[in-house]
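Me: I would like a close look at a single part of the model below, with the cut-offs spelled out.

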Amino acid sequence: MIVNVIVPLALNEPFSYETDYDLDIGDLVIVPFGNKDFIGLVIDINVKIKEGIKLKKVKEVLDLPPLKQELIDFIKWTADYNSIPLGNVLKMVINPVSFLKNKVEKYYCLSMDYAETPLTPLIRG
């Protein structure tokens, strides 16, 4: 299956990706774009493209409910009304999803005996 995906970059056109997943319009997926992976929004499925074009594959489907068609229409309307790229509006909509990425907490210790000192967050009393 070939799907069109919007990526949260300053781009106004979707990009086509090949997938083996059973996707619906509104699904959030991880797709390669350049040398990075991005969260993208599926806006069209069963897309027809010219033969001989090599497509990248969807890497992963996020375990989230799909965006409703009303929200997708609102994203398109907002981009059109404000004359800004579709990807920029998508970035504002899915930004809260970024917390799903693995976050790394860093702790700093000023003691040289760091192996014996447990590293815990600062507790203010």
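What is the relative accessible area of F15, and does that make the residue buried, partly exposed or exposed?

Reply: The model is predicted, so local features need pLDDT of at least 70 and side-chain atom pairs count only at pLDDT 80 or more, while totals for chains, interfaces and linings use all residues. Residues are numbered from 1 along each chain as its sequence is written, and side-chain values use heavy atoms, with hydrogens and water left out.

F15 has a relative accessible area of 30%, so the residue is partly exposed (buried is under 20%, exposed over 50%, partly exposed in between, with a 1.4 Å probe and protein chains only). F15 forms an edge-to-face aromatic pair with F33, at 4.9 Å centre to centre and 70 degrees between the planes. Rings of Phe, Tyr and Trp (its six-membered ring) pair if their centres lie within 6.5 Å; planes under 30 degrees apart are stacked, over 60 edge-to-face and the rest tilted. F15 sits in strand β2 (residues 15-18) and F33 in strand β3 (residues 28-33), so the pair ties together parts 18 residues apart in sequence. Strands are DSSP runs of E of at least two residues, helices runs of H or I of at least four, both numbered from the N terminus. F33 is partly exposed as well, with a relative accessible area of 22%. Ring pairs link F15 and F33 with F38 into a cluster.

F15 is also among the contacts of N4, which include P14, S16 and L41 once neighbours within four places in sequence are set aside (contact means heavy atoms within 4.5 Å). N4 lies in strand β1 (residues 2-6) and counts as buried at 12% relative accessibility. The side chain of N4 makes a polar contact of 2.7 Å with the side chain of S16. A polar contact is a pair of N or O atoms within 3.5 Å; within protein, one must be able to donate a hydrogen and the other to accept it, and residues adjacent in sequence count only if both atoms are side-chain atoms.

As for confidence, the protein averages a pLDDT of 84, and 76% of the residues score at least 70 (pLDDT is the predictor's confidence in each residue, from 0 to 100). Where pLDDT is low, the predicted coordinates should not be read in detail.
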